Amino acid sequence: MHYESQLASSSSSYTLRNFISMEQLEFTLWSALVGWLGLLVVWHLRKGRTGPQLPPGPRGLPVLGSLHLVGELPHRDFTKLADKYGPIVHLKLGFVHTIVVSSPEFAEEVLRRQDENFSTRFTSPKIEELTFDGFHEVVYAEAGPYHKYLKRILKEEMVSLRAQMRFKDSRRVSLMETIQSLHKKSKDGKPVVIVEDLMECLQMTICRLMFHNITNLVREFIPVSRELMFLASAADPGDFMPWLGRLDLFGYNKRARRIIERLDRCMQSVIDEHRDRIKSTGVNQMADIVDICLSLQDQDGKGPLPDGPIKGIMADMMIGGSETSAISSEWALMELLRNPHILQKVKDEIASVVGTERFVEESDLPKLTYLQQMLMESSRLHVIAPVLIPRECVRDTTIGGYHIPAKSRIFVNVFKIHKDPSVWENPLEFNPDRFSQSNLHNKRYDFLPFGSGRRGCPGMDLGNLFVMSLMAQLLHCFDVELPEGQRIEDIDTTEVFGLSCPMKVPLRVVLKPRLPSHLYDGIQSSEAFCASSDFLYSVMGLDLSIGASVLETINLSSTCMVYIASYPQSWATQGGSVPITEHRK
Ligand code: HEM
């Protein structure tokens with residue numbers, strides 16, 4: 001009994017002692033936690049006061065951040081934010097730090113001074129699908145030696161004016177086919193959705209530049225690459241909440257995989273066909289871009305440019321080259337319809353240079369300075385990539401004294417810069433004269449239709465050439481009018497956001513031929529062109545570029561050149577130019 005009561009009392013006193021110590025322990029732990037949190041808050045506040053802060057911007061909601069502030073036209077929403085918070089804005093889009101710069105000064109900081117910090121693109125599971133044999137094409141390639149090499153090949157060997165000299169006839173035949181087809185359509189006087197014809201013209205041109213005359217593949221290639229364009233620009237929840245990317249809620253990753261497989265098959269057969277032809281004839285005629293790419297490989301397909309990147313280059317050409325130029329032309333046409341006095345001035349200029357007894361030649365283009373000014377003005381008001389293609393910051397840095405965390409997504413709001421009243425007088429007015437020789441000024445980052453820096457557009461020269469020739473030929477061959485009953489004020493000038501920004505309601509126009517009918521009737525068909533050029537290639541072994549030397553004399557006019565020369569786009573900033581031949585060894 002004694003033993004039992006002793007045990008009972010000892011056990012109860014043990015339990016009590018134990019309880020008290022637990023309470024003390026808990027108290028101590030809580031005090032430590034509160035103290036630690038307090039210290040953390042003080043440290044954070046002090047850090048905030050002394051270190052650089054994030055740029056100003058909206059606070060955002062939990063999880064979503066400020067996604068609700070960005071709608072279908074992000075460049076317009078970013079512009080509203082810039083009006084409220086200033087030329088550099090920070091917002092969280094989902095879980096992603098997002099920085100929008102909207103002044104020439106901050107654009108220069110991103111595109112030139114800190115180009116290296118902002119030279120990569122963000123990736124997502126969808127973008128990871130967009131590879132060929134595991135190789136990215138230029139647009140999404142990670143910044144580094146591979147991107148630099150591929151881009152240099154694309155620019156110097158394929159899309160520069162020098163490289164394009166050999167493809168003059170391919171360009172001409174597609175353009176003249178379009179004129180012929182528009183001429184037929186014009187006969188019934190019905191309106192045409194002009195961007196569709198322009199797009200087809202450019203896609204055919206690019207296919208011909210790339211693989212000369214494999215017509216059946218061209219037909220397959222065009223719809224597939226359209227789907228690729230859509231997928232590349234489609235916004236996905238995974239872009240803002242990275243863990244959602246793998247769930248593939250909208251099925252984009254799967255679609256991207258499928259489309260790349262199709263495109264890959266299509267391009268591989270083009271490459272194989274070219275390789276077989278070169279093997280069987282023992283000569284690479286350098287007749288198209290695939291031939292040029294294959295010249296960088298040895299007979300077994302090895303060398304610095306395997307098949308994967310060649311397919312990437314073809315995808316870049318198709319995506320980068322066709323839609324951008326077609327849409328630029330559509331916007332320019334729209335502005336001309338809204339400004340008949342400017343349209344008349346452009347037509348007068350073309351007539352004075354070309355006359356009325358022949359079509360426009362590429363050698364006429366440098367003389368069409370007012371047309372060039374008009375196109376530059378149109379690309380100022382209607383930017384094809386209003387926030388460029390977003391980049392990612394590779395390391396912590398500062399802009400204008402503000403902290404920019406590594407992995408932030410960066411948008412350069414060219415849309416706003418191009419309409420900044422402190423840079424452009426009456427910015428909303430369509431006035432080609434602001435690009436005339438006498439009005440040129442030396443500011444570099446207030447006009448960025450092709451972006452700039454390491455990620456700037458490599459196809460600027462070719463894009464300009466496409467748009468110039470299309471517009472010159474179209475305006476020379478046809479009087480372009482609005483359909484009967486449609487007033488200028490009825491034109492809907494809203495845009496759709498995407499990889500490029502087309503008109504929401506495509507422009508419909510009525511075309512009336514202006515030249516003598518025998519000219520349209522005499523347009524050579526593509527079959528005739530292919531037959532004659534094939535004959536030259538295969539029988540006589542002639543390189544058509546010899547006969548296509550007109551482009552040697554083509555330089556954009558001095559107006560354009562001053563601007564382009566002032567583009568900080570140079571390869572010098574990318575580590576100098578290693579001669580391409582070194583990569584061929
Ligand atoms: C009027 C025609 C064109 C316009 C307005 C245009 C515009 C642009 C813009 C704004 C960018 C983003 C630049 C940046 O982020 O700084 C870009 C990138 C690019 N463009 Fe173009 N472009 C045109 C024609 C072409 C053509 C003909 C090609 C053909 C090869 C091309 C290929 C590319 C490529 C590969 C990139 C990605 C560059 C990189 O990430 O390094 N573009 N373009």
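These are my notebook entries on what I looked up in this predicted model.

**Ground rules**

I number residues from 1 along each chain as its sequence is written, and I use heavy atoms for side-chain values, leaving out hydrogens and water. Because the model is predicted, I ask for pLDDT of at least 70 for local features and count side-chain atom pairs only at pLDDT 80 or more, while totals for chains, interfaces and linings use all residues.

**Entry 1: the overall count**

I started with the secondary structure and found 21 helices and eleven strands. Helices here are DSSP runs of H or I with at least four residues, strands are runs of E with at least two, and both are numbered from the N terminus. Next I looked up burial: of the 585 residues of the protein, 53% count as buried. Buried means under 20% relative accessible area, exposed means over 50%, and partly exposed is in between (1.4 Å probe, protein chains only). Then I turned to contacts, meaning heavy atoms within 4.5 Å. Among those between residues at least 6 apart in sequence, 77% join residues at least 24 apart.

**Entry 2: the iron**

Which protein atom is the donor to the iron atom of the ligand? I found a single one, SG of C457, 2.3 Å away. Donors are N, O and S atoms within 2.8 Å of the metal (3.2 Å for Na, K and Ca), and water is not among the atoms, so the site may look incomplete. I placed C457 in the loop between α16 (414-417) and α17.

**Entry 3: α13 against α15**

I then followed helix α13 (residues 307-338) to helix α15 (residues 369-381): their axes come within 9 Å and cross at roughly 105°. That makes α13 roughly perpendicular to α15. For the record, the axes are lines fitted to C-alpha atoms over the stretch in contact, with angles from 0 to 180 degrees between N-to-C directions. Angles under 35 degrees count as roughly parallel, over 145 as roughly antiparallel, 65 to 115 as roughly perpendicular and the rest as oblique.

On the α13 side I noted S328, W331, A332, E335 and L336, and they meet M374, L375, S378 and L381 of α15. The residues of this contact divide into six nonpolar, two polar and one charged. Here Ala, Val, Leu, Ile, Met, Phe, Trp, Tyr, Cys and Pro count as nonpolar, Asp, Glu, Lys and Arg as charged, and the others, Gly among them, as polar.

**Entry 4: the cores**

A nonpolar core is a set of buried Ala, Val, Leu, Ile, Met, Phe, Trp, Tyr and Cys residues joined through side-chain atoms within 4.5 Å. The largest has 111 residues, and I194, M317, L371, M374, M471 and L475 have the most contacts inside it. Helix α13 gives the most to this core, with 15 residues. Another core, of 19 residues, lies apart from it and includes V101, F106, L388 and V412.

I took a closer look at L371. Not counting residues up to four places away in sequence, L371 touches V346, E349, M468, M471, A472 and L475.

V414 is in helix α16, and its relative accessibility of 0% makes it buried. Beyond four places in sequence, V414 is in contact with V383, A385, P386, L388 and L448.

S469 belongs to helix α17 (residues 460-477) and counts as buried at 10% relative accessibility. With neighbours within four places left aside, S469 contacts L175, E362 and L365.

T178 sits in helix α7 (residues 168-186) and is also buried, at 10%.

**Entry 5: loops and positive phi**

D248 has a phi near 55°, in the loop between α10 (242-245) and α11 (252-281). Is D248 buried or exposed? It counts as buried, at 16% relative accessibility.

K407 has a positive phi of about 75° and lies in the loop between β8 (402-404) and β9 (409-412). K407 is exposed, with a relative accessible area of 59%.
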